[in-house]
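Me: I have a model to go through before planning my reading of it. Let us take it in short questions.

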Amino acid sequence: MVSSRIWTAIAIVWAFCAGGCSSVAAVQEARISEQGGFRDPEHRLAAAEDGGYCSAEVLRWQYDEPAGMLRLADARLMLDCCGKRAIHVERIDNLFEVTEQDAPDGAGGRCSEQCAFDLSVGVRDVPRGEIYVKLLRDVVDQQSGPAVIWSGSVDLGVSGGAVVLDETPAEAGCQAKGLPRQRSKTVAAR
């Protein structure tokens, strides 16, 4: 039973890539901040203390050519304070599809308050050149599937860059870095 599923999956991939696509498993290192973002600005790929952290959501990248390491960081991403977050990369040739996922945590659900988070991922064995990045966000309980947040070309001939994803300033959920939020509690009437 399992082996037939594996062969079916291999056949589908082979049929999809018969024209010459080479899918490379993206060896990656993911990092998710606590509420309020990373305390160390270097983790969100900012050069120094980021005084404008709450003013915009920014996608940054850094490329280390000798190591073949590409790092991507989405800083000041506003999500519900309660939940489980993840980030991963799918890579086909020079296309890097980055998916950020936000899901309710099993028993607790959601808080209905927004907090700032930072998500970053490092991908190894990336050769120098131009790549195409597609950033998707999947808020599992709010939409029917991942939404495209940004897509565009990135020149890895340059060691780093950034693009503003959302220029809307964040309010209270961004100001108090690292303070845990309490879930709303429902009290049953007697």
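Me: What is the mean pLDDT of the chain?
Reply: This is a predicted model, where local features need pLDDT of at least 70, side-chain atom pairs count only at pLDDT 80 or more, and totals for chains, interfaces and linings use all residues. Residues are numbered from 1 along each chain as its sequence is written, and side-chain values use heavy atoms, without hydrogens or water. pLDDT is the predictor's confidence in each residue, from 0 to 100. Of the residues, 74% reach 70 or more, and the mean is 79.

Me: Which class does the aromatic pair fall in?
Reply: The structure holds one such pair. Rings of Phe, Tyr and Trp (its six-membered ring) pair if their centres lie within 6.5 Å; planes under 30 degrees apart are stacked, over 60 edge-to-face, the rest tilted. W61 and W150 have ring centres 6.4 Å apart and planes at 20 degrees, so the class is stacked.

Me: How many residues apart are W61 and W150?
Reply: W61 is in strand β2 (residues 57-64) and W150 in strand β8 (residues 147-155). Strands are DSSP runs (E, at least two residues), numbered from the N terminus. The pair links distant parts of the chain, 89 residues apart.

Me: Are W61 and W150 buried or exposed?
Reply: Buried means under 20% relative accessible area, exposed over 50%, partly exposed in between (1.4 Å probe, protein chains only). By that rule, W61 and W150 are both buried.

Terms used. Helix = DSSP H or I, 4+ residues; strand = E, 2+ residues; numbered from the N terminus.
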